[in-house]
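Subject: Handing over the structure

Hi,

Here is the structure I promised you. Have a look at it first, then read on for what turned up in it.

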Amino acid sequence: MSLTRLDIFNLRLFEKSRLEPSAGLNLVVGENASGKTSLLEAVHVLATGRSFRTQRMEPVIRHGARDLMVTGRLRVDGRQISLGIRKGGGRTVARINGKTVRSQSELAQALPLQVIHPDSHALLSGSPAERRGFLDWGVFYQSPESMAHWQNYRRALIQRNEALRRGLNDKALDIWEALLAQSGEAMDRARLSYLDTLLRHVRELETLLPGNEGVDIAYRRGWREGVDLKTLLQTARPREREMGYTLSGPHRADVVFRRGDVLLADGASRGQQKSAVLLLRLAQVAAFRGVSGRSAVVMVDDLPSELDEVHRDAVLALLRGLDCQVFVTAIDARQIDALGWSSFRMFHVEHGRLKEIR
């Protein structure tokens, strides 16, 4: 699978631009603040409906415009698929092959995407929500039925928290706790299953990125081991009524990353953290292919930053071996070795203007 065309309208510096990328390596070069990251951001918006740089869409819309639009064409097993999304004024309209879709998750199914950017070290040292999102990316593709469990869990969690705040009786809590426990334990099983899959691919790839041997992942489920969630929710009612919210469940889960006895969150340099995140994210790409038989699109923003030549070349070799479409940004094209790629294109960005370098 590959993105064959991308059209961007009113996204940050881009008023109207078109990109026709290679199915292999695509190198985007330009000075700082030229629009390189915004180009990757456009692909991310198309695939997820969100920016990887900010939670708010207002800054992403070009100054003076009311909304932004990104459209794209995919080649999947010889077929052409068109995607499009328009965002602005608090509204989102997404389409696949001209048909409006109800959920942005349908875009994610059509265009699986992994992005590594200069703030990706937050996976290791940021909030637990970052790490839950990392795990759930893989669960989404490995266990599609988990979406229904997650939606049921969120609905039950909101309702139980409201009942706790309002001081409703135990009978009112019983209703939501049954759904909360059933869907929560299903989510937990799906996460554990995916983690087993992911760790196998980490073990296969770790020697290809120097310094990452022995990276390990520990999952903390969000409630005490050996206790079923429904029983725990019932026994926690007095305290949680005082707090006004639910203290246990998969929404409180976390993931810990180590290499040997060292926590990567605080015992590794920024370069080591970036290398570890690259390993973890690319292991997800390999796991995705193993589960689905499809390739994901991979974007690495500012690849040369904090990586020496040995590590840069190792990352590029690993990406080439994954046989997927790749977008890499850099200030200096000489820092990226495209040798060995069967398909390669280079683009230059300047003040939101995009052109191919031949």
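Predicted model: local features only at pLDDT ≥ 70, side-chain atom pairs only at ≥ 80, totals over all residues.

Let's start with holes. On a 1 Å grid over the protein atoms alone, a cavity is a set of points where a 1.4 Å probe fits but cannot get out, while a pocket is an open set with protein on both sides within 12 Å along at least five of seven lines; lining residues have an atom within 4 Å of a point. Grid points are joined across faces, edges and corners, and a volume is the space filled by probe spheres set on the points.

Residues are numbered from 1 along each chain as its sequence is written, and side-chain values use heavy atoms, with hydrogens and water left out.

**Cavities**

Searching the whole structure gives two cavities of 30 Å³ or more. The largest cavity has a volume of about 60 Å³, and I116, H117, P118, S120, H121, R270, K274, V277 and E306 line it. Helix α9 gives the largest share of that lining, three residues. (Helices, H or I and at least four residues, and strands, E and at least two, are DSSP runs, numbered from the N terminus.) By class, the lining of the largest cavity has three nonpolar, three polar and three charged residues. Here Ala, Val, Leu, Ile, Met, Phe, Trp, Tyr, Cys and Pro count as nonpolar, Asp, Glu, Lys and Arg as charged, and the others, Gly among them, as polar.

The second largest cavity has a volume of about 50 Å³. Around it you will find W137, G138, Y141, Q142, Y194, Q284, A287, F288 and V291. Two or more residues of this lining come from each of α4 and α9. How many charged residues does the lining of the second largest cavity have? It has none: the classes are six nonpolar and three polar.

**The largest pocket**

The largest pocket holds about 1,700 Å³ of space. It is lined by 46 residues, and the closest to its centre are H44, R50, G133, F134 and W137. Among the elements that give two or more residues to this lining are α1 (36-48), α5 (146-166) and α6 (170-205), but the largest share, ten residues, comes from α4. The pocket lining divides into 21 nonpolar, 15 polar and ten charged residues.

**Two packed helices**

Back to α9, this time with a neighbour. Helix α9 (residues 270-292) packs with helix α10 (residues 309-322) at an angle of about 5°, and their axes are 11 Å apart. Axes are lines fitted to C-alpha atoms, for helices over the stretch in contact, and angles run from 0 to 180 degrees between N-to-C directions. So α9 is roughly parallel to α10; angles under 35 degrees count as roughly parallel, over 145 as roughly antiparallel, 65 to 115 as roughly perpendicular and the rest as oblique. On the α9 side, the contact (heavy atoms within 4.5 Å) is made by S275, L278, L282, V285, A286 and R289, and on the α10 side by H311, V315, L318, L319 and L322. These residues divide into eight nonpolar, two polar and one charged.

**Strands and hairpins**

Two strands pair if DSSP finds at least two bridges between them. Strands β4 (residues 68-76) and β5 (residues 79-88) run antiparallel and are joined by nine bridges, with M69 partnering R86. They form a hairpin with two residues between them, and D77 in the turn has a positive phi of about 50°. β5 also pairs with β6 (residues 91-96), antiparallel over six bridges; one of the facing pairs is G88 and R91. In that hairpin G89 takes a positive phi near 60°.

There is also an open sheet of three strands in the order β9-β10-β11, with antiparallel pairing. Which strands are at the edges? They are β9 (215-220) and β11 (262-263), each pairing on one side only. Helix α4 (residues 128-142) packs on this sheet, touching β9 and β10, and its direction makes about 85° with that of β10.
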